[in-house]
Amino acid sequence: MSLRLSPALRHLRASKFTCNNCLRKKHTKISDEVHGMLRVDHAGEFGANRIYAGQMAVLGRSKSAALIQHMWDQEKEHKKIFDDLMVKHRVRPTALMPFWHIAGFLLGAGSAVLGEKSAMACTVAVEASIVEHYNDQLRKLANENPEKHAEIMAAIKKCRDEEQEHHDTGMDKGAEQAPLYKAMTAAIKVGCKAAIALSTKV
Amino acid sequence: MASLIRRTLLLRTFCRAKRFTCHSQYVHQESAGAERMSNSSKESNETHFGFQTVKESEKADKVYEVFEEVAQSYDKMNDAMSFGIHRLWKDIFVDRLAPSKPCKILDVAGGTGDIAFRIAKYLRNSDGGGITVCDINQAMLDVGRKRASELGFSGMEWLQGNAECLSSIADNTYDSYTIAFGIRNVTHIDKALKEAYRVLKPGGQFMCLEFSQVQNENLRWLYDQYSFQAIPVMGQLIAGQWKAYQYLVESIRQFPNQEEFAGMIERAGFAFVRHENLTFGVVAIHCGHKL
Amino acid sequence: MTHPLSSCFCSCRVNRGGQAENSLFSLFRGSVHLWKIDRMLARYLPLLQCYGNFMGRTTIIARPLLASNFSTNGTTSQDANASAQSEGRREEQVSSSKEDDVKFKIFSAALPLVHQLGWTKECLEAGAESIGFSKSSHGIFEHGGTSFVQFFHRNCNKELRKIAKVEQIESAKSDELTKVHQLLEKRLQMILPYLPQWPQAMALMSRPHSSLDSYKLLYELADDICFFAGDRSLNATWYTKRAAVAGLYITGELSLVQDKSANCDESWQMLARRIEDLRKVEEFGGSCSRQQEILKDIAQSSLTLIRNLTGMQSYQRNSR
């Protein structure tokens, strides 16, 4: 005799045996969270690189070209920092890299096509999201174990400070005068939040 | 039929008088059962008996009385209260134990023999040899012995004893120690766990099936409503015992939750301690090994 | 860690060249076999096994095998400390406690008995009894034979990491694919002593409720092999390389199980041929990336043309 429950009732599952040793080994859970943080930061810097590449592809001969190139170079450094951390801690990169490769470029190019001020508005929106995200991560790491995560926190702080500079530069260059500034920044911020949530897990 | 109607009418009057307000009695989040018990015992030699506070010396007798009253209708009530799901829980429990012949198994608080018979069937053992059923309550053992003879398990041993002090059992005797829906009735759970550790052989397995805490809050509300509103009523209707089943549901709330009980098992010396929830945490199987 | 998909391959024939012939029909037949094995186990295990439905089951998601793009540049320079620290991540999770020692002792005592008793609970019981523990110690391995096999895999993966460090494979001069080949061979050799009973192990790891653990172990192995072979990629090739290594391992395992040649020579030759195939794919990928550069130039030129046609180029010139 075999008892078969309907698929609807199959969700009535007991959890697997929870080993108390696993409950006590909280350091492994912390490590997985840090892995997720590094993964999303790496994906974020990669995306930022692609955004600037898209902007340069359109505005490469404009008067903002030098400024965009400078910011792009800084983003390349950030990506290098996170590349090294990812390899050191053997963190899996996000599976959505091909998607961010295209989406980042399209976002940068799309905003640049609307004009220099739109490009700056895009930069401001993205950098604002990234700064907020980095601050959240720093808080979490500081609460857990600042000594253990000192290297990662230093890297995130450096990147956060430079992203804040990019944000301020963008504002100085007239981002707020871009057409549909509020709508564009709101949409980009929502997109960034979704990208962060996805890249942490996937 | 007339007696049933009379009982129902009496019950309605009784319920209105009682006016159950269950929310204040729920002690889920505050059930630091172990700490409360040990604190109370340290301070004034008192412990809980359901939601009442009684002296430690009295608890064992009170529990004895409860089970003496319910012994005859114990199995029937189990079926009614859990809609037969207790059979699944016990089947899963024995499946997790996975005993094999030849082995010596001690089933504590196993009065009516539910677990022991299942183990015997799992072993395809025709006479139940190697299985010892221990219970503090002779009435429960008598019911079990009677059922065993009906089922043909003549090789089982029936031992009256207290889980806190199994003095008649030598050290390192048994391969497995099981206790199903019994450990919450013990006055000093830590002593029972230490005794379990003592009587097991090195590598021996301790398995406990007990009511625990429902994890999901919405389901917990439903479960509490059912426990406090329906179970004592069913106890009165089917077994004629209101207080015994009120004690049952109250004692469940007083018992430590999954993690706390697992901690107690570890402090008794067991290793590889783990637990598994069944039916969203209504019951949990805890398991540990003596090294 | 047998991939559930591997049971689909069980129905494939191995031709004289040692190559496994795959077909959609075999895939379908394999899936039916997998379903049948699961139903059979559910029926003939103790009655209570069917209450697993009350517990819920994990779902199987079969991953396709992908071609990879291994680099031939040799190991990039990452400091030895970095690799040691990153290695420590996995080691941290296995603390050397008394419990782990006991578990390892029982496992070691039970392993020689696999030839008589198979990957079963009875084998664990016999192993435990031989070192003075009670039969009930089998409960330390929660799911009996399945946990036994998983522990074996975990142990082999750990041994492979040790071998890779001792032989300094990471810093060797050879290319990535050669190192992958070396490590795969070493890993597959670990199952040789248990080859007659290995189909049983594969069946246990293919069961639905152990498939998640099987995937994790396979992922760990593939990740370790790629890391010690010198892979430091951080893009989509990270996934394709690991998928390729996992596929190679599964193919090697299946081939060994069916191999009747002396010293399993046919399987080792098959593995070498698969590595050569991957080398060719990698060369093809290299030539594709050169084509990509040309395509990029074409795209940029098209963009400039569009800008000129729409007048945006002149607008930008005037606005400067």
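1. A residue is called buried here if 20 or more other C-beta atoms lie within 10 Å of its own, and exposed if 12 or fewer do. The model is a predicted one. By that cut-off, the buried residues of H7(B) are Met140(B), Leu141(B), Val143(B), Gly144(B) and Ala148(B). Viewed down the helix axis, the buried residues of H7(B) fall within an arc of 160°, so they line one face. The face turned away from the buried side holds the exposed residues Lys146(B), Ser149(B) and Glu150(B).

2. As to its geometry, H7(B) covers residues 138–151, which is 14 residues. Its first and last C-alpha atoms are 20 Å apart, close to the 20 Å expected at 1.5 Å a residue. Gly152(B), just after the helix, has a positive phi of about 90°.

3. Chain B as a whole has 11 helices and nine strands. Of its 291 residues, 45% count as buried. If one takes the contacts in chain B between residues at least 6 apart in sequence, 72% of them join residues at least 24 apart.

4. Which strand of chain B is largely enclosed by the rest of the structure? That strand is E9(B): seven of its seven residues are buried, so the rest of the structure largely encloses it. Val283(B), Ile285(B), Cys287(B) and His289(B) point one way from E9(B), while Ala284(B), His286(B) and Gly288(B) point the other way, and all are buried.

5. E9(B) has pairing partners in E7(B) and E8(B). Seven bridges join E7(B) to E9(B), and the two run antiparallel. Six bridges join E8(B) to E9(B), also an antiparallel pair.

6. The contact between chains B and C takes 20 residues from each of the two chains. On the side of chain B, at least two residues each come from helix H5 (85–97) and from the strands E6 (174–180), E7 (200–211), E8 (271–278) and E9 (283–289). E7(B) gives the most, with five residues. By type, the residues on this side of chain B divide into 10 nonpolar, six polar and four charged.

7. UniProt, in an unreviewed entry, places the feature "binding site" at Thr112(B), Asp135(B), Asn162(B) and Ala163(B). Asp135(B) lies in strand E4 (residues 131–135) of chain B and is buried, with 27 other C-beta atoms within 10 Å. Leaving aside neighbours within four places in sequence, Asp135(B) is in contact with residues including Gly110(B), Gly111(B) and Gln160(B). Its contacts also include Met140(B) and Leu141(B), two of the buried residues of H7(B).

8. With neighbours within four places in sequence left aside, Ala163(B) is in contact with Val108(B), Ala109(B), Gly182(B), Val186(B), Ala192(B) and Glu195(B). Ala109(B) is also in contact with Asp135(B).

9. Some backbone values deserve a look. Most residues other than glycine have a negative phi, and most peptide bonds are trans. Lys101(B) and Pro102(B) are joined by a cis peptide bond, with omega about -15°. Pro102(B) is in the loop between H5 and strand E3 (105–108) of chain B.

10. In chain C, Cys264(C) has a positive phi near 55°. This residue lies in the loop between helix H12 (236–258) and helix H13 (265–310) of chain C. Cys264(C) counts as buried, with 20 C-beta neighbours inside 10 Å.

11. The UniProt annotation "domain: COQ9 C-terminal", from an unreviewed entry, covers residues 214–281 of chain C. Over these residues the chain is 82% helix and 0% strand, and the end C-alpha atoms are 28 Å apart.

Note on methods:
Residues numbered from 1 in each chain as written. Chains lettered and ligands numbered in written order. Predicted model: local features only at pLDDT ≥ 70, side-chain atom pairs only at ≥ 80, totals over all residues. Helix = DSSP H or I, 4+ residues; strand = E, 2+ residues; numbered from the N terminus. Expected span 1.5 Å × (residues − 1). Arc of directions from axis to C-beta. Contact = placed C-beta atoms within 7 Å. Nonpolar A, V, L, I, M, F, W, Y, C, P; charged D, E, K, R; others polar. UniProt positions renumbered as here; feature names shortened; annotations may be inferred. Pairing = 2+ DSSP bridges.
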